[in-house]
Amino acid sequence: MAFPTFILCQFVTSSYGKHYTSADSGTTISPPIAWAFMESPTLWLTIIVFRLGKNYTNPLAFILISPYLFHYINRTIIYPLRLRSRSTKNNFPLYIAVTGFIFNLLNAYIQSRWVSHYANYEEDESFWVRFGIGLGLFGSGMLVNIWADGVLLGLKSQGGGYKIPRGGLFDYVSSPNYLGEIMEWLGWALMTWSWAGLAFFLYTCANLVPRAVLNHKWYVEKFGEDYPKNRKAVFPFLY
């Protein structure tokens, strides 16, 4: 799915957040409800599928699935609650929430099925080395993601329209929240050392990198000369 998604993102802009337009959105719902709904399969389906795997009683499987669940506890529960206090408009397109829900059904099954059933922990001599490196990258990315979300939500709560975010990684890229998430799923790919984890990482890049480029162009067009010229879209100093 990554390649066609990347191509589609070159021609179609998902109408939510700063790219929201009422003309292209159709039926809309509350953003906190949309995020909680579309991310929810990553929790309830993951738990259901995990219990059906042959590795269900293996402590290493529980350790491996934990970072994935921590990320989605934040994305499904904590982030919508943070967003709830700052979002009063029903401006999240329902069709995006539904397609996100369908994607997460598929991905939650693939990731949890790999960890709970297909992974071979007994013969994996480098598990702890890969897990340690991957967890460090995953944890760093999650901190970046949560911090960047907090900065954007803080600016939104001030009112008065969009502002230029500054400080930290915002001095280097327009979308550090996306950079953080890319770091997370690269770490996940290393931890799982699987086609499932690699596929998720590639899909994340195919989806978020074009979105970050659109965000960057939006900032430049809106703020013109006031927007920092040395700031990249998503990867510091590179792109």
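Contact, as used in this tour, means heavy atoms within 4.5 Å. The model is predicted: local features need pLDDT of at least 70 and side-chain atom pairs count only at pLDDT 80 or more, whereas totals for chains, interfaces and linings use all residues. Residues are numbered from 1 along each chain as its sequence is written, and side-chain values use heavy atoms, with hydrogens and water left out.

**Helix H8**

Select Thr 204 in helix H8, which spans residues 195–223; helices (H or I, at least four residues) and strands (E, at least two) are DSSP runs, numbered from the N terminus. Leaving aside residues up to four places away in sequence, Thr 204 touches Glu 181, Ile 182, Trp 185 and Val 209. Thr 204 has a relative accessible area of 5% and is therefore buried. Buried means under 20% relative accessible area, exposed over 50%, and partly exposed in between (1.4 Å probe, protein chains only).

**Aromatic rings**

Next, display the rings of Phe, Tyr and Trp (its six-membered ring), which pair if their centres lie within 6.5 Å; planes under 30 degrees apart count as stacked, over 60 as edge-to-face and the rest as tilted. The count by this rule is 26 aromatic pairs. One of them joins Tyr 162 and Trp 218 edge-to-face, at 4.9 Å centre to centre with 75° between the planes. Tyr 162 belongs to the loop between helix H6 (127–157) and helix H7 (176–192) and Trp 218 to helix H8, so the pair ties together parts 56 residues apart in sequence. Tyr 162 is partly exposed at 42% relative accessible area, while Trp 218 is buried at 18%.

Move to Tyr 219 and Tyr 227, a stacked pair with 5.2 Å between centres and 5° between planes. Tyr 219 is buried at 3% relative accessibility, and Tyr 227 is buried with a relative accessible area of 3%.

Then select Tyr 68, Tyr 72, Phe 103, Phe 138, Trp 185, Trp 188, Phe 200 and Tyr 203, which form one aromatic cluster.

**Charges over rings**

A charge sits over a ring if NZ of Lys or CZ of Arg is within 6 Å of the ring centre and within 35 degrees of the ring normal. Select Arg 75, whose charged end lies 4.6 Å from the centre of the Tyr 79 ring. At Lys 222, look for the face of Phe 223, with 5.9 Å to the ring centre.

**Phe 11**

Finally, select Phe 11, in the loop between helix H1 (2–9) and strand S1 (28–29). Is Phe 11 buried or exposed? Its relative accessibility is 71%, so Phe 11 counts as exposed. Phe 11 and Val 234 are 223 residues apart in sequence and 19 Å apart in space, C-alpha to C-alpha.
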